[in-house]
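Thanks for coming. I have one structure for today, so please have a look at it before I go on.

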Amino acid sequence: MQGTAAAGTTRQGHPPGLYLLFFTEMWERMSYYGMRGLLVLFLTSTTMGGFGWSREDALGLYGTYTGLVYLTPIVGGYIADRFIGQRKAVVLGGVLMMIGHLVLAVPSVMMFYIGLGFLIIGNGFFKPNISTMVGGLYPQGDGRRDGAFTIFYMGINVGAMLGNFICGTLGEKIGWHWGFGSAGVGMGLGLIAFMLLQKKYLGEVGLAPSKPATAVVAREESPKKAFSRDEIDRIVVIFIIAIFVVAFWAGFEQAGGLMNLFTNEKVDRTVFGQEVPTTWFQNFNSFFIVALAPVFAGLWSWLAARGKDPSIPVKMGMGLIFLAVGFVFMLGAASQSDAGAKAAAHWVILAYLFHTMGELCLSPVGLSMVTKVAPHRIVSAMMGVWFLANAAANKLSGVIGAASAKLGEFDVFLYLGIGSGVAGAILVVVAPILKRMMHGTDEVKPTAPSGDAAQGNTAAAA
């Protein structure tokens, strides 16, 4: 259920419900990225109870796990749309994920797999529905929506930084299972905040579908109802862009897999005579998100207020091109490593910078697009389909990363750079066709942002 936008706005022009969702997502992502950063390191480690797996096996499981995490949102989105609403789905998902992280804290192979199962199912309920509620805070055509998703995206990355610092440090320095357990504590904090404040700040957004007036619901809201020609076009656009999203995340998700192992084994991590934990390097992505999100949020809102906002496909094509540039720096790191020396850390840091710029052009804009373009009666289900692209990409990222054992890191980074660059160029070229197929649902009203929209979004993001 899309629901009615929550009443009231902050001085920066966004409803207070946005910041509740920001905080909830922050703690959930703390738990997810904290565990994600440790996963391949734990699987390949031969100390502190690590499994001592080969690189190929570890990256294979990494791809399978992260792929399934983005596959279950299809079911979770459908259940929320038709039966329980987004709010109850978020609570249910949060409880399951908290249990999963705490189960991972038990040093047992069987408990490890059980914990992963809880995380996979829980994410299916949580992930698509909290994103859908962000869109539900704003009326159709509101120019603040892209900026809101960029601000919301900051919550993801503040959480990721917390996860890599807290869970990563505990896992690498004290014990892997301490890191996994601390992730469960973070999930619990976000869940408590959401349950206490949802009624006050979310209005009717995310409530369960109304049971009275069944005949009206069946006639107006049922997804079996025939779609119009325009609605079919809009659904097709989501599926087409999702193909390009696969190309983006298959490269980007090397951060937790191949790039993580490369940093651990072949990058000079010494700072002032001390070797910093590998997981800390993944914080550069989150740091750049937090630093640059206000800039991108303000830019999109500033352009939207003047009728010059690039189309959604163009923004996402730019994201793929930035990703390609990032892999150029990974080629520099791989070349230095292949020459027999430890690669300088600045290569990896610059790669994360450009990957982050690509992420800001693609991911929050893509989330916003689904809430705008998808027919309202299936918006959560379409959000699940959107995450299906992430599922395929994450599994593919594991396969690609594992191929480095035979091809070498240099060739893998080269192919990823070429592939993402070509995909980005193609998306920019076909952007006008895709924009027409959206039938105006992606357009914003120039009068929607009040006052200095760019300054408002920037202040809110900060």
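Is Asn 157 buried or exposed? Asn 157 is buried, because its relative accessible area is 2%; buried means under 20% relative accessible area, exposed over 50%, and partly exposed in between, with a 1.4 Å probe and protein chains only.

Some conditions before the rest. This is a predicted model, where local features need pLDDT of at least 70, side-chain atom pairs count only at pLDDT 80 or more, and totals for chains, interfaces and linings use all residues. Residues are numbered from 1 along each chain as its sequence is written, and side-chain values use heavy atoms, with hydrogens and water left out.

Back to Asn 157. This residue sits in helix 5, residues 145-174; helices are DSSP runs of H or I with at least four residues, numbered from the N terminus. Leaving aside residues up to four places away in sequence, Asn 157 touches Asn 285, Ser 286, Ile 289 and Val 290, where contact means heavy atoms within 4.5 Å.

Next, the salt bridges. The rule is a side-chain nitrogen of Lys or Arg within 4 Å of a carboxyl oxygen of Asp or Glu, and by that rule the count is ten. One of them pairs Arg 29 with Glu 28, with 2.6 Å between the closest N and O atoms. Both Arg 29 and Glu 28 are buried.

Another joins Arg 55 to Glu 409, at 3.1 Å from N to O. Arg 55 belongs to helix 2 (residues 55-69) and Glu 409 to helix 15 (residues 409-437), so this pair ties together parts that are 354 residues apart in sequence. Glu 409 also forms a salt bridge with Lys 266, with closest N and O atoms 3.1 Å apart. Lys 266 is in helix 9 (residues 258-266), 143 residues from Glu 409. Glu 409 counts as buried because its relative accessibility is 6%, while Lys 266, at 25%, is partly exposed. Through shared partners, Arg 55, Glu 265, Lys 266 and Glu 409 are joined into one network.

Last, a helix pair. The axes of helix 8 (residues 229-252) and helix 12 (residues 345-373) come within 11 Å and cross at roughly 155°; axes are lines fitted to C-alpha atoms over the stretch in contact, and angles run from 0 to 180 degrees between N-to-C directions. The two helices are therefore roughly antiparallel, a label for angles over 145 degrees. Residues making the contact include Trp 249 of helix 8 and Met 369 of helix 12.

Definitions and conventions:
Parallel < 35°, antiparallel > 145°, perpendicular 65-115°, else oblique.
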